[in-house]
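This report walks through the charged and aromatic contacts of one structure, and then through a pocket. Please look over the sequence and the model before reading on.

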Amino acid sequence: MKGAASVHCARPGCAKPAPPALSRVELCLDHFLDEAFVRTDQALARCREGSPLTKDSLEWLLSDALATVKNLEESADEPKPEQRDRMLELLLILANLHEYVAHHSVRVEHPA
Ligand SMILES: [Zn+2]
């Protein structure tokens, strides 16, 4: 078991420390943002083409990712301006997705 203080990003070639809000997923801030943008893009694309979203991905985006970004905003030690911009952009995209899901009949796949 490692100590709580030394969680590092699990992406190959990346040795940046994972902030406390991301220690569970073992990602640094940059890689978390990359991942979140990819997943929100995919989810919005599926919404637009009327494909069902999986319950897991929807939950990840609308609760985990949102909570993590809020947590990061409060606890991040001085994010760089470009990281801050990306975090704000991600919050906007997540808000859009939230709206979309609330106002369109987005089909959610429930595993059988
Ligand atoms: Zn990383």
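Which residue lies over the face of Trp 60, and at what distance from the ring centre? Arg 39 does, at 3.8 Å from the ring centre of Trp 60, where a charge counts as over a ring if NZ of Lys or CZ of Arg is within 6 Å of the ring centre and within 35 degrees of the ring normal.

The model is a predicted one, in which local features need pLDDT of at least 70 and side-chain atom pairs count only at pLDDT 80 or more, while totals for chains, interfaces and linings use all residues. Residues are numbered from 1 along each chain as its sequence is written, and side-chain values use heavy atoms, with hydrogens and water left out.

**The aromatic pair**

Rings of Phe, Tyr and Trp (its six-membered ring) pair if their centres lie within 6.5 Å, and planes under 30 degrees apart count as stacked, over 60 as edge-to-face and the rest as tilted. Because Phe 32 lies in helix H1 and Trp 60 in helix H2, the pair ties together parts that are 28 residues apart in sequence. Helices (H or I, at least four residues) are DSSP runs, numbered from the N terminus. The structure holds one aromatic pair, and both of its members, Phe 32 and Trp 60, are buried; buried means under 20% relative accessible area, exposed over 50% and partly exposed in between, with a 1.4 Å probe and protein chains only.

**Salt bridges**

Side chains of opposite charge can pair when their charged atoms come close. A salt bridge is here a side-chain nitrogen of Lys or Arg within 4 Å of a carboxyl oxygen of Asp or Glu, and by this rule the count comes to five. The table gives some of them.

| Salt bridge | N to O distance |
|---|---|
| Arg 11 and Glu 35 | 2.7 Å |
| Arg 86 and Asp 34 | 2.9 Å |
| Glu 59 and Lys 55 | 2.9 Å |

Arg 86 is partly exposed at 25% relative accessible area, and Asp 34 is partly exposed at 34%.

Glu 59 and Lys 55, by contrast, both lie in helix H2 (residues 55-75), four residues apart, about one turn of the helix. Salt bridges that share partners join Arg 11, Glu 35 and Arg 39 into one network.

**The second largest pocket**

The second largest pocket has a volume of about 200 Å³. Of its 14 lining residues, the closest to its centre are Arg 24, Val 25, Phe 32, Trp 60 and Thr 68. A pocket is found on a 1 Å grid over the protein atoms alone, as an open set of points where a 1.4 Å probe fits, with protein on both sides within 12 Å along at least five of seven lines, and lining residues have an atom within 4 Å of a point. Helix H2 gives the most to this lining, with six residues.

Note on methods: Helices (H or I, at least four residues) and strands (E, at least two) are DSSP runs, numbered from the N terminus. Grid points are joined across faces, edges and corners, and a volume is the space filled by probe spheres set on the points.
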